[in-house]
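The following note sets out points for a colleague who is reading the model alongside its sequence.

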Amino acid sequence: MRYLPHTPEEIAAMLAAIGKSSLDNLFDPVPADCRMTGAWDLPAAKSEWELNDHLRHLAATMRVDEHTKVLVGAGSYRHHIPETVRSLASRSEFLTAYTPYQPEMAQGTLQGIFEYQTLTARLLGVDVVNASMYDGASALAEALLMGLRIAKKKKRVAVAKAIHPHYRAVVRAYLQPAGYEVVELDFLASGRTDLSGLANLDDIAAVAVQSPNFFGVIEDLEAAAATIHGAGMLFVTCFTEPLAYGLLKNPGSCGADIVCGEGQSFGIAPSFGGPGLGMFGCKEPFTRNLPGRLVGETKDLEGRRGYVLTLATREQHIRREKATSNICSNQGICAMTAGMYMASLGGTGIRQLARLNYDKTQYCKETLRNAGATMVFDGPVFNEFVVEFPTDFKPAYERLLAKNIVAGLELGALYPELAGRHLFCVTETIDKQTMDTIAAEVGA
Amino acid sequence: MSDILGTGGLILNEPLLWHKGKKGRIGMSIPASDVPSAAIDAHLLGEAVDFPDLSEVDVVRHYTRLSQWNFGVDSGMYPLGSCTMKYNPKTNERQAATPAIANAHPMLADSLCQGTLRILFELQQQLATITGLDAVSLQPAAGAHGELTGMLIFHAWHRSRGSQRHKILIPDTAHGTNPASAALCGFKAVPVKSDDQGMLDPDVVAALMDEDTAGIMLTNPNTLGLFEERIREIAAVVHAKGGLVYGDGANMNAVLGVIDAKRCGIDVLHLNLHKTFSTPHGGGGPGAGPVCVTRELEPFLPVPQVVKEGDTYRLDSDRPQSVGRIHAFHGNFGVLVRAYSYILSMGEAGLKKASQLAVLNANYIKEQLKDVLHLPYDRPCMHECVFSDLKQQECKISTVDMAKRLIDYGYHPPTIYFPLIVHGAMMIEPTETECKDDIDQFIAALRTIAQEAVEQPELLRQAPQRTKVRRLDEVQAARCPCLIGPSGD
C-alpha cells in the first residue's frame with residue numbers, strides 16, 4: 001500500500017528495538033474478549049485507477065449533474081467558482097495543516113482567517129466574527145443558545161417559521177434536551193414574518209428571523225429590530241445567501257445583535273450540502289459570549305505583526321463544561337475559501353454580482369407571471385421566490401427535467417400549507433434562455 | 001544542525017488584504033447580463049460593501065505567500081497527539097471534486113441523486129463493519145458534534161424509558177471536548193479519576209455510577225495512549241445501573257481491526273474521519289464525526305438515514321424516536337467522500353496494517369526517548385505516547401520550550417500540556433505514514449534538544465528563531481482583543 005512506507009526489514013528492526021516479536025504482540029494490552037473476530041465485509045482494495053472508474057460510474061448514476069440547470073436554492077446555491085479560489089484553497093500548506101495551535105508555524109492560516117473575520121464583519125455589519133461554525137443551521141442553534149446565555153434566566157426563544165425548515169429542526173434538536181422551549185412565528189401574506197404577537201410572549205430571550213428568508217423574501221429588519229428590542233429581547237438574524245448583502249442593507253446596520261448563516265455561496269461547491277460554512281458574528285458587547293474560535297492580532301518578541309487564536313477562556317478545552325460551546329474542529333478551510341472569494345470579488349464585484357442575481361430573478365418572475373403563474377408572496381425578493389402555477393406543474397417539471405433543467409422545489413413536504421407551490425432560485429449560472437424555456441413549458 | 005531537516009529559505013512579506021489593490025480592480029470573471037436591469041426599492045439598498053478591490057494576480061500572490069508561512073502534513077512530520085495527522089491522499093481530493101458529486105444539490109428528490117445516496121449508504125455500512133456496531137449516522141460535522149449527537153441519543157433513550165438523568169461520568173483521561181458536549185444536553189459532568197497506572201478502575205466507576213447518571217463517556221485508547229483494559233467490566237457496571245457507554249473514537253487509528261466496539265460494551269461511538277480516515281484537517285476543519293450505535297439505539301439516530309430498497313437508495317425521515325436533525329443537510333458530505341475513497345483504497349488489510357504501524361511507530365519513539373524524557377506511564381502504548389518535562393525542570397526548561405525548539409528543527413511540535421493529568425505533558429502521535437528514517441530523524445532532533453536543554457538552555461527559550469515570526473504575545477492578544485481589521489483602512 002503506497003501510503004504505508006515500512007519495509008519488512010524496518011518493521012523487524014523496530015520490533016526488535018521495542019522488544020516485541022510481532023506486530024500482533026503490540027496489541028497484547030487488548031483483552032481477548034474485546035477483540036474483533038472474523039473478517040470484514042469490505043470490497044477488495046482498489047488501485048487508484050479502479051477508484052477513478054468507480055467514482056466515474058457513481059457520477060454517471062446522478063440524474064442531475066454539473067451540466068443540469070438547477071433552479072433550486074433552499075439553502076444551497078450554485079454560483080460560479082473561480083479557478084483561482086479552487087486552486088488556492090487546495091494548496092496543501094493550508095489544507096493539510098491542523099488547527100493553528102502553534103502560531104509560529106501557521107501564520108498563513110491565522111492571517112487568512114483574520115482577513116476572513118474582517119471581510120465577513122464588514123459584509124454583515126457586525127463588530128466581531130468568529131473563525132466559523134459547522135453550517136448555517138448549527139450556527140443558528142448556537143446563536144440562540146448564546147442569546148439564552150446573555151439573557152440569563154429566560155427559557156424560551158422565538159424563531160420565524162420562514163426560517164429554513166431544516167435549520168428550525170436543528171434548533172429544536174439542540175435546545176430541547178436542555179429544557180428550552182422554541183416558539184414559532186408565522187408569516188404574513190407578504191411572506192414576511194409576523195412579529196405583532198411578540199409583546200404577548202413572555203420569557204423570550206431572543207428572536208430569530210432569516211433574511212432573505214426561506215421564501216426568498218427580504219424581511220424588514222429595521223422594523224423587526226425595533227419591535228424585538230422594544231419587547232426587551234435579543235435580535236438574531238440568519239441567512240442562507242450572504243451574496244444578498246452585496247446589494248441589500250446588512251443585518252448589523254439594521255440592528256441585529258447576533259448575525260449568523262450559511263456561507264457556502266462564497267466559493268464553496270454545493271457538494272450535496274456540505275462542507276459549507278457557518279458564519280457567525282455579533283455586536284461588540286457580546287464578544288465574550290461567542291462560541292467558537294477567534295483569531296486576534298498581536299506582536300512577536302521582536303515587535304512584528306502576527307496572529308494567534310485568542311480569548312480561548314471561552315472555549316471547551318479551557319472552560320470544560322462551562323464553555324460557550326463544545327465546538328472544536330470548525331470549517332477552517334471553508335472560511336479561508338470564503339475569504340479568497342470575497343477578496344476576488346471585491347467591493348465593486350460583489351455589488352455587480354449581487355445585482356446580476358437580483359436582475360435575473362426579477363426577469364424569471366416576470367416571464368413566469370406572463371406565462372400565467374402567480375407569486376405567492378408580494379414581499380420583495382433577492383434570488384429566490386415562491387410561485388403558484390395555474391395548472392398542475394408536474395408534467396411541465398418532467399418535460400423540463402428531460403431538457404436537463406430542474407425547475408424549482410415543490411414545497412408540500414416542508415410546508416403542507418404551501419403544497420403545490422414551488423420555490424425557485426436564480427443565480428448568475430442561469431441564463432435567459434433557460435428561463436424562457438421554463439416559461440414556455442408553463443404556458444404550454 | 002546542517003544534517004537535519006531544519007528551516008530557512010525564501011519567505012516573502014505580505015500585507016493584509018485591505019492594504020492591497022485599487023478601487024475598480026476585480027479578481028473574478030462576472031458574466032455579462034442577458035436580462036434587463038430591474039428596479040429596486042431604494043430603502044432595501046445597502047451601502048457599498050467595504051471590501052478591497054483586487055486583481056486576480058493580487059489574490060493569487062497574496063494567498064500563495066500566506067501559504068508559505070504555513071506548515072502542513074505535506075511539509076513534514078506533524079506528530080500532534082490525539083490529532084492523527086497522517087498523510088491525506090491526493091486521490092481523495094480528486095474523488096470529492098468529481099463534478100457530478102461536487103455539484104450535487106441536497107434538496108432534490110432521491111431519484112435525482114442516486115450516486116451520492118449510494119456513497120452515503122455504503123459508507124454507513126463500512127463504518128458499521130469497521131467498528132463492529134450496527135447502525136451509523138454520517139451527519140455530525142466534527143468529533144465534538146458527534147459527541148453532542150451521542151449525548152442527544154443518551155437523552156432520548158432515557159426519555160423513551162420514562163426517565164430523565166442529570167449526570168454523566170467523564171474520566172480524567174477523556175478528550176477535552178467531552179464535558180462541554182455533555183453540558184449542552186443538560187448533563188452535569190462527574191469526573192472519574194484514573195489510577196496510578198493511567199487506567200480506569202471499575203470499582204471507582206461503580207462508586208460513582210447511580211440511577212441519576214446517564215452513563216459514561218470514555219476515550220479508548222485513552223489520552224495517555226493506553227488501552228483501557230477493563231472496559232468490559234466498566235461497561236457492565238454502567239449497564240447494570242441502567243446507563244449507557246459512550247466511546248470517544250478519536251483514537252481509533254490505534255485499533256482498526258483489533259477491537260470490536262460492541263464486544264467492548266460500547267453503545268455509541270463516534271469516529272473522526274479527519275483523523276483515522278485520512279481526510280485533511282484544513283487548518284481547523286472541516287471534519288466529520290459519524291456516530292455508530294447498537295441496534296437498540298438505532299431508532300434514536302438523527303434523520304434522515306439512507307436506506308436501500310432493492311437497487312434504489314432513499315432518505316428515510318420517518319423515525320419518530322429520532323433525536324432529529326443536527327445538520328442542515330447530510331453532514332460534511334465532501335469529507336465523507338474522501339473517507340469513502342480512503343476505505344476503498346486501503347481495503348481490510350491496508351486499514352488493519354495502518355493501525356499496526358501506527359502503534360509500532362509510537363512504541364518505537366517511546367522506547368528511543370524514555371531515557372532523555374520522563375515517561376510517566378511506562379507501559380506498552382497504543383498510537384501515541386505521553387512524556388513530561390520533569391527531567392528538564394532542573395535546567396528550568398519546560399515543555400513549551402522543547403516544543404518551540406522542535407520547530408527550528410523542521411517539525412511540528414507534539415500536543416503539549418494535554419492530557420491535564422500529566423504535568424507538562426508532551427503527547428506524541430507519529431501515525432503510520434511516517435517512515436523509519438523520518439522517525440529516527442525526529443528522535444535524533446528531540447535527543448539533541450534534551451542535550452541542548454542542559455548545555456544551551458537559552459537556545460530553547462528563544463526558539464523558534466527561524467520562522468516568519470517568533471513567539472507571539474498571547475497575553476496581549478487576549479487583554480486587548482483585535483479580532484478584525486479597522487474599517488476604512
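1. Two residues are in contact if their C-beta atoms, placed from the backbone, lie within 7 Å. By that criterion, and not counting residues up to four places away in sequence, Val236(A) touches Ala143(A), Leu144(A), Gly147(A), Ala206(A), Val207(A), Ala208(A), Ala256(A), Asp257(A) and Ile258(A).

2. Provenance. This is a predicted model, in which local features need pLDDT of at least 70 and side-chain atom pairs count only at pLDDT 80 or more, whereas totals for chains, interfaces and linings use all residues. Residues are numbered from 1 along each chain as its sequence is written, while chains are lettered from A and ligands numbered from 1 in the order in which they are written.

3. The nonpolar core. A nonpolar core is a set of buried Ala, Val, Leu, Ile, Met, Phe, Trp, Tyr and Cys residues joined through C-beta atoms within 7 Å. A residue is buried if 20 or more other C-beta atoms lie within 10 Å of its own, exposed if 12 or fewer, and partly exposed in between, with C-beta atoms placed from the backbone. The largest such core has 312 residues, and those touching the most other members are Leu140(A), Leu144(A), Val207(A), Ala208(A), Val236(A) and Leu336(B). Helix α10 (residues 333-369) of chain B supplies the largest share of this core, 20 residues. Helices (H or I, at least four residues) and strands (E, at least two) are DSSP runs, numbered from the N terminus.

4. The interface between the chains. How many residues of chain B are in contact with chain A? There are 172, and they meet 167 residues of chain A. On the side of chain B that touches chain A, α10(B) gives the most, with 22 residues. By class, that side has 89 nonpolar, 58 polar and 25 charged residues. Here Ala, Val, Leu, Ile, Met, Phe, Trp, Tyr, Cys and Pro count as nonpolar, Asp, Glu, Lys and Arg as charged, and the others, Gly among them, as polar.

5. The sheet of chain B. Seven strands of chain B form an open sheet with mixed pairing, in the order β1-β7-β6-β5-β4-β2-β3; two strands pair if DSSP finds at least two bridges between them. Its edge strands, each pairing on one side only, are β1 (135-137) and β3 (188-192) of chain B. Neighbouring strands of the sheet are turned by 25 degrees against each other on average, direction ignored. Strands β5 (residues 244-249) and β6 (residues 268-271) of chain B pair in the parallel sense over four bridges, and the bridge partner of Asp248(B) in β6(B) is His270(B).

6. Helices on the sheet. Helix α4 (residues 114-131) of chain B packs on the sheet, touching β1, β6 and β7 (291-293) of chain B, and its direction makes about 125 degrees with that of β1(B). Helix α5 (residues 143-160) of chain B also packs on the sheet, where it touches β1, β4, β5, β6 and β7 of chain B, with its direction at about 165 degrees to that of β6(B). Axes are lines fitted to C-alpha atoms, for helices over the stretch in contact, and angles run from 0 to 180 degrees between N-to-C directions.

7. Domains of chain A. The domain assignment gives domain 1 (69-81 + 347-443) and domain 2 (83-341) of chain A; such bounds come from an automatic or database assignment. The centres of these two domains, taken over C-alpha atoms, are separated by 27 Å. In chain A, 26 residues of domain 1 are in contact with 29 residues of domain 2. On the side of domain 1 of chain A that touches domain 2 of chain A, the largest share, seven residues, comes from α11(A).

8. Backbone points to check. Most residues other than glycine have a negative phi, and most peptide bonds are trans. The bond from Asn220(B) to Pro221(B) is cis, with omega near -5 degrees, and Pro221(B) lies in the loop between β4 (213-219) and α8 (231-240) of chain B. The bond from Ala463(B) to Pro464(B) is likewise cis, with omega near -5 degrees. Lys152(A) has a positive phi, near 60 degrees, and is found in the loop between α6 (136-151) and β3 (156-160) of chain A. Lys152(A) counts as exposed because it has 7 C-beta neighbours inside 10 Å.
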